[in-house]
Amino acid sequence: MARRRRPPRPGALTELPPLKILSQILLLQSIWYAVATVLILFSALVAGKHFSFDLVLSWRALRGDTTVGWMLGLVWMLNSFIGVISILFFISRSKLVPDFALTLHFIHLIITSLYSNAIPRNWLWWALQVASAGMMTSLGVWSCQWRELRPINFGGGSTSSPNANSTGDSVQNGESSAGGGDEEQGYGRGRGRGRGRDGAGEYEMVGMKGEEQEGPHPA
């Protein structure tokens, strides 16, 4: 008898086909570089600096002793925050966020090293990558968990309220009609005065003496 295979762990990468994982990585990487290019281009134009792809792909431009280097650091952090939004929309699973966030920065390390023909030797660049990966992981996991734990609305609340209101109105109408019928027949509910059944005059309920004293015993 052949052994049965154990089902994969819930949330594992084995649930996703390799082609889908690759397409998601390429999509996130493309969005990350596209947004970074737009932000760096805007910042360079505002600062009056000449734009080049060295500001995006080279680690030598990210220096701690220049204003441009610190500006690039802030822009990359803003880009990572926008990357959290893309992870929330395209990944949507908190268990997969660390894998995609670390893969994104690892691919960025390879592309930067190939573009600059050297492994980054700038401490600010490495500190920026650690801070960026940590922010994307923590915020991505929190946002995906918040989305996963949101209550599911099946539309039952909107239909129950009118029924409850109509039921309450019918009960109130029934009580009022019952009270009116009793008053018409001369049975006043909770009142000491009322009308007779024939409608001729009013009467007042008075306690009888026989209720207070015992009646005579039969001979």
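Guide: Let us begin with a term: a cavity is a set of grid points where a 1.4 Å probe fits but cannot get out. The model shown here is a predicted one. About 70 Å³ of space lies in its largest cavity.

Visitor: How many cavities of 30 Å³ or more does the count give?

Guide: The count comes to one cavity of 30 Å³ or more.

Visitor: Which residues line the largest cavity nearest its centre?

Guide: The lining has 13 residues, and Val 56, Ser 58, Leu 62, Trp 76 and Trp 125 lie nearest the centre. The elements that contribute two or more residues to this lining are H2, H3, H4 and H5.

Visitor: How do the residues of this lining divide into nonpolar, polar and charged?

Guide: Nine are nonpolar, four are polar and none is charged.

Visitor: What makes up the largest nonpolar core, and which residues have the most contacts inside it?

Guide: A nonpolar core joins buried nonpolar residues through side-chain atoms within 4.5 Å. The largest one has 33 residues, and those with the most contacts inside it are Ile 40, Leu 72, Trp 76, Phe 100 and Met 136. Two or more residues come from each of helix H1 (18-47), helix H2 (54-57), helix H3 (67-90), H4 and H5. H1 gives the most, with eight residues.

Visitor: With which residues is Ile 40 in contact, leaving aside its neighbours within four places in sequence?

Guide: Ile 40 is in contact with Phe 51, Leu 55, Val 56, Leu 72, Val 75 and Trp 76.

Visitor: How does the reach of H4 compare with the span expected at 1.5 Å a residue?

Guide: H4 has 20 residues and reaches 29 Å from its first C-alpha to its last, which is close to the expected 28 Å.

Visitor: Which residues of H4 are buried, and what covers them?

Guide: A residue is called buried when its relative accessible area is under 20%. In H4, the buried residues include Val 97, Phe 100, Ala 101, Leu 104 and His 105. Their cover includes H1, H2, H3 and H5.

Visitor: Why is Asn 117 called exposed?

Guide: Exposed means a relative accessible area over 50%. Asn 117 has 71%, and is therefore exposed. Asn 117 is found in the loop between helix H4 (97-116) and helix H5 (123-148).

Visitor: What is the phi of Asn 117?

Guide: Its phi is positive, about 60°, although Asn 117 is not a glycine.

Terms used
Residues are numbered from 1 along each chain as its sequence is written. This is a predicted model: local features need pLDDT of at least 70, side-chain atom pairs count only at pLDDT 80 or more; totals for chains, interfaces and linings use all residues. Side-chain values use heavy atoms; hydrogens and water are left out. Helices (H or I, at least four residues) and strands (E, at least two) are DSSP runs, numbered from the N terminus. Buried means under 20% relative accessible area, exposed over 50%, partly exposed in between (1.4 Å probe, protein chains only). Contact means heavy atoms within 4.5 Å. On a 1 Å grid over the protein atoms alone, a cavity is a set of points where a 1.4 Å probe fits but cannot get out, and a pocket is an open set with protein on both sides within 12 Å along at least five of seven lines; lining residues have an atom within 4 Å of a point. Grid points are joined across faces, edges and corners, and a volume is the space filled by probe spheres set on the points. Ala, Val, Leu, Ile, Met, Phe, Trp, Tyr, Cys and Pro count as nonpolar, Asp, Glu, Lys and Arg as charged, and the others, Gly among them, as polar. The expected span of a helix is 1.5 Å times one less than its number of residues.
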